[in-house]
Amino acid sequence: MTALNADLRAAYAWARVGRERLLAWLETVPGDVYTLERPEFAFGSLRNVQVHVADCYRMWIAARGLGDPVTRLDARALPDVAALRAAFADVDALVDRALDAFVSPDEPRRVPFGDRELEVTGRWLVMHPLTHEFHHKGQLLTMGRVLGFPYPAGPDTDLGLPEEAAELLSS
């Protein structure tokens with residue numbers, strides 16, 4: 001593991017362990033339930049919440065942090081968990097690239113936000129979508145229960161233990 005941004009790399013790897021548990025559970029949910037639109041659900045469906053989470057990383061880190069041109073993901077083009085896994089693999093690569101680019105993660109930087117600019121840091125640009133993902137993970141678990149597919153007993157979807165993330169950090 002590179003020493004630069006080691007703390008952010010570790011935190012993101014721990015979160016990826018929990019995300020993998022969530023994705024593995026969602027693979028057991030029937031596809032028509034995964035994409036079922038319910039107006040009372042945040043973003044309408046389990047799939048749409050995950051698309052929103054991936055977009056949060058892409059918008060804050062790629063568009064605002066790195067200045068990359070980004071268009072929002074089309075949920076209809078991501079019909080199943082396998083497609084979301086691919087989207088999150090792209091997010092993982094994006095976070096790695098950002099952590100290589102944010103050589104002074106606590107240095108203030110100005111980023112576009114609508115018709116104004118915000119002053120944030122590289123650390124904030126990584127931590128914001130990371131904590132945002134955990135907010136929505138709770139919604140996903142609740143939505144699954146409502147739909148009749150509760151998350152099973154066993155390892156939770158919070159942060160993985162350091163030894164669980166060790167392989168992610170060594171690659």
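**Entry 1**

I looked up Phe113 and recorded it as partly exposed, because its relative accessibility is 30%; the class runs between buried, under 20% relative accessible area, and exposed, over 50%, with a 1.4 Å probe and protein chains only. The model is a predicted one, in which local features need pLDDT of at least 70 and side-chain atom pairs count only at pLDDT 80 or more, whereas totals for chains, interfaces and linings use all residues. Residues are numbered from 1 along each chain as its sequence is written, and side-chain values use heavy atoms, with hydrogens and water left out.

I then searched the whole structure for aromatic pairs and noted four. For this term, rings of Phe, Tyr and Trp (its six-membered ring) pair if their centres lie within 6.5 Å; planes under 30 degrees apart count as stacked, over 60 as edge-to-face and the rest as tilted. The rings of Trp60 and Phe113 are stacked, because their planes stand at 20°, with centres 5.5 Å apart. This pair links distant parts of the chain, with Trp60 in helix 3 and Phe113 in strand 1, 53 residues apart. Helices (H or I, at least four residues) and strands (E, at least two) are DSSP runs, numbered from the N terminus.

Trp124 belongs to helix 5 and is 64 residues from Trp60. Trp60 is buried, with a relative accessible area of 9%, whereas Trp124 is partly exposed at 34%. Through these ring pairs, Trp60, Phe113 and Trp124 form a cluster.

**Entry 2: Charges over rings**

I looked for charges over rings, meaning NZ of Lys or CZ of Arg within 6 Å of the ring centre and within 35 degrees of the ring normal. Arg64 lies over the face of Trp60, 4.2 Å from the ring centre. Lys137 is placed over the face of Phe134, at 4.0 Å from the ring centre.

**Entry 3: Salt bridges**

I counted 17 salt bridges, taking a side-chain nitrogen of Lys or Arg within 4 Å of a carboxyl oxygen of Asp or Glu.

I noted Asp100 and Arg9, which meet in a salt bridge at 2.6 Å, N to O. Asp100 sits in helix 4 (residues 81–101) and Arg9 in helix 1 (residues 6–26), 91 residues apart. Asp100 is partly exposed at 49% relative accessibility, but Arg9 is buried at 11%.

I also noted Arg97 and Asp68, joined by a salt bridge at 2.4 Å, N to O. Arg97 is in helix 4, and Asp68 is in the loop between helix 3 (46–65) and helix 4, 29 residues apart. Arg97 counts as partly exposed at 41%, and Asp68 counts as partly exposed at 21%.

I then checked Asp106 and found a salt bridge with Arg123, the closest N and O atoms being 2.6 Å apart. Asp106 lies in the loop between helix 4 and strand 1 (108–113), Arg123 lies in helix 5 (residues 122–146), and 17 residues separate them. Asp106 is partly exposed, with a relative accessible area of 48%; Arg123 is partly exposed, with 23%.
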